[in-house]
Amino acid sequence: MISALNKVRALSGRSRPSRSKNYRLWAGVKQFLLHAVLIAWAIVLMVPIAWLLVSSLKTDAEFISYPPQFFPKILQWKNYADVIVVAKFLTYAGRTVYLATMFTVTNIASCSLAGYAFARIKAPGRKALFIIMLSAMMVPSIVTIIPQFVIYSRMKIVNTYWPWFLWGLAGSAPQIFLFRQFFAAFPVELEDAAAVDGCSPFRTFWQIFLPNAKSVLAVTALFAFQWVWGDYFNQALLLTEDRATVAMKLGGSAFTDPHGNRLVTVTLAAVVIYIIPLIIAYFVSQKQIVQGIVTTGMK
Amino acid sequence: MSVIRDMRVALRERGSKERVPWRKAKWFYLFITPWMIGFLVFTLGPVLSGILMSFTNFDGMNFDAMRFVGFHNYVEAVKDEQAWWGFKRVMYVTVVGMPLGMVIPFIAAVLLTRQIRGQGVFRTLFYIPSILPITAVVWVWKLMMDNNYGLVNAALDAIKPGTYVRWLTEYSTLVLIMMGLWGATGQATVYYMAGLQSVPKELEDAALIDGANAWQKFRFVTLPLVTPVIFYQLVMSVLNIGQILVQPLLLAGSIGGAGQGSGLGAIPPRDNYFFMVHVFNRVFTYFRFGYGFALLWLLFAFALILTLIVFGTARYWVFYEVEQE
């Protein structure tokens, strides 16, 4: 842009060498300042996470020592083994994965169907329903969870995994919107050709649209999985200790050993293990995730 | 944002009749059935039953013992001092936190959309805190701010021995605000960046050629074009006023185990006893579902009125391009 501007200046005969030299110097200073600000800012953002990593490699004695000991003498990689062996992380993570898989599969099925319908099938009332669907996003979840809790307790499915199955089937507005936006961009000829061949709308959806929607499927699946993986509130509300998930365990106090002693740094290692899949997923599909977030205006 | 834009388009076109044969249209209804049932059972049903519930003494279990009590719950709610306290704390967080929560991401987005080396790395680093689930965020911040074992107190102690600040008990709201800013900045930054990047380069270049300086270009070209995104952010945060619940519950209790633990049953320090915490407490500890809903609707009505006011101001400062039909 700067070079384009200089070109304009040159063409209009307003270019002055001394001024453009100053300009370049000023541009250099600006770059430097910008970098300084961004680096400082990034450090402030990253210190808490770095401190989590460092602390997770300490012994509990080092962690509570006074005067404070900033770095561990020996890196306690054993903490990470203890997360698995002593804290039984995999049991809790297994439950979360089970819940998340169930929710993700049903959620994708329901949302892709509804998204396809909103994008491609004309019917009376479609627009009104579309508006209703989007408005549903505005209802705070606390308002809906209390009556849902009553329903679930009447159905006697509190402390089971059924609520996640039902939530998945019910779909979710941002994801439906995502599918709808994606399917709306497909060419009409695709449908017409399928209709001429005698395909039912379901077959058109299943064999033509869905196989071409891999990127949206991936992002939606990721969002759904992430939601369950990170959701503390619903799990803590509906499940009890014998069905505890990772989020529930990490939302309470630290893990304990069989004698009831707190294992603080082991818990910190568990937190690190807990967030690693999310960070990896983000690095692998950064672009699609950001795109998805921007499109739906939701996390 | 695209959701709002699509809603506006849909609202405008709503009147136009779509004549479709039933054998085709039936597929539409078939495909949306799962969502439709879910919407009725999990959203519309709860909202309606919640309104009804707020006029009863429902305890969450015994439908037999349920009685209509008229506006009794609402009258009690208005007199509830703890609810008012929670509301004041919510307003405090809103007044301090919301402007910061809008301005800081905006500045970040402006810096991150400049052409600089390492842009991708900075964008990633700025976003990473937003990836972390709430439980992880709380652990991270307890590690930073814990009265006895936190990094901040350790650092203060190293600079001036003997310094001891009770962050988690005396400054708990401050910690909560910082935690919120840290955890939410990335998300909002992404929206603002999308807005800033959609500003046509030609317009900015034209302004520069017309002799505008960098500030004028930003103030009179870029900023007006980003106002829809700012508006969206503002509406969403106003609509969700007072929804803070999980953060204070998880932030309660220290790493060392002193005080009550964290979790859904926890009672946070008085400063962090927000409105929703009170509601949650009434509903799930005292089983006063009816009363809890009365509190909820009062807060929701307040948020809705504020949101309408914000919408009312929109025509003075939000710039909407003429949409192509």
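User: At what angle do helix H3 (residues 72-79) and helix H14 (residues 289-317) of chain B pack?
Analyst: This is a predicted model, in which local features need pLDDT of at least 70, side-chain atom pairs count only at pLDDT 80 or more, and totals for chains, interfaces and linings use all residues. Residues are numbered from 1 along each chain as its sequence is written, while chains are lettered from A and ligands numbered from 1 in the order in which they are written. Axes here are lines fitted to C-alpha atoms, for helices over the stretch in contact, with angles from 0 to 180 degrees between N-to-C directions. The axes of H3(B) and H14(B) lie 9 Å apart, and the packing angle is about 65 degrees.

User: Is H3(B) roughly parallel or roughly perpendicular to H14(B)?
Analyst: Angles under 35 degrees count as roughly parallel, over 145 as roughly antiparallel, 65 to 115 as roughly perpendicular and the rest as oblique. With an angle of about 65 degrees, H3(B) and H14(B) are therefore roughly perpendicular.

User: How many nonpolar residues does the contact of H3(B) with H14(B) have?
Analyst: Ala, Val, Leu, Ile, Met, Phe, Trp, Tyr, Cys and Pro count as nonpolar, Asp, Glu, Lys and Arg as charged, and the others, Gly among them, as polar. Sorted this way, the contact of H3(B) with H14(B) has 2 polar residues and 1 charged residue, and its nonpolar residues number 6.

User: What percentage of the residues in chain B are buried?
Analyst: A residue is buried if 20 or more other C-beta atoms lie within 10 Å of its own, exposed if 12 or fewer, and partly exposed in between, with C-beta atoms placed from the backbone. Chain B has 325 residues, and the buried share is 37%.

User: How many of the 12 residues of H6(B) are buried?
Analyst: Helix H6 (residues 134-145) of chain B reaches 16 Å from its first C-alpha to its last, close to the 16 Å expected at 1.5 Å a residue; the expected span is 1.5 Å times one less than the number of residues. Among the buried residues are B:Trp139, B:Trp141 and B:Lys142. H6(B) is mostly covered, and its buried residues number 11.

User: Now the two chains together: which helix gives the largest share of the side of chain A that touches chain B?
Analyst: The contact takes 81 residues from chain A and 81 residues from chain B. The largest share of chain A's side, 13 residues, comes from helix H2 (residues 17-55) of chain A.

User: What is the phi of A:Lys88?
Analyst: A:Lys88 lies in the loop between H4 and helix H5 (89-120) of chain A. It counts as partly exposed because it has 14 C-beta neighbours inside 10 Å. Its phi is positive, in a residue other than glycine, and near 55 degrees.

User: Is A:Phe71 buried or exposed?
Analyst: A:Phe71 is in the loop between helix H3 (60-64) and helix H4 (78-85) of chain A. Its C-alpha atom is separated by 7.5 Å from that of A:Lys58, 13 residues apart along the chain. With 10 other C-beta atoms within 10 Å, A:Phe71 is therefore exposed.

Technical notes
Helices (H or I, at least four residues) and strands (E, at least two) are DSSP runs, numbered from the N terminus. Two residues are in contact if their C-beta atoms, placed from the backbone, lie within 7 Å.
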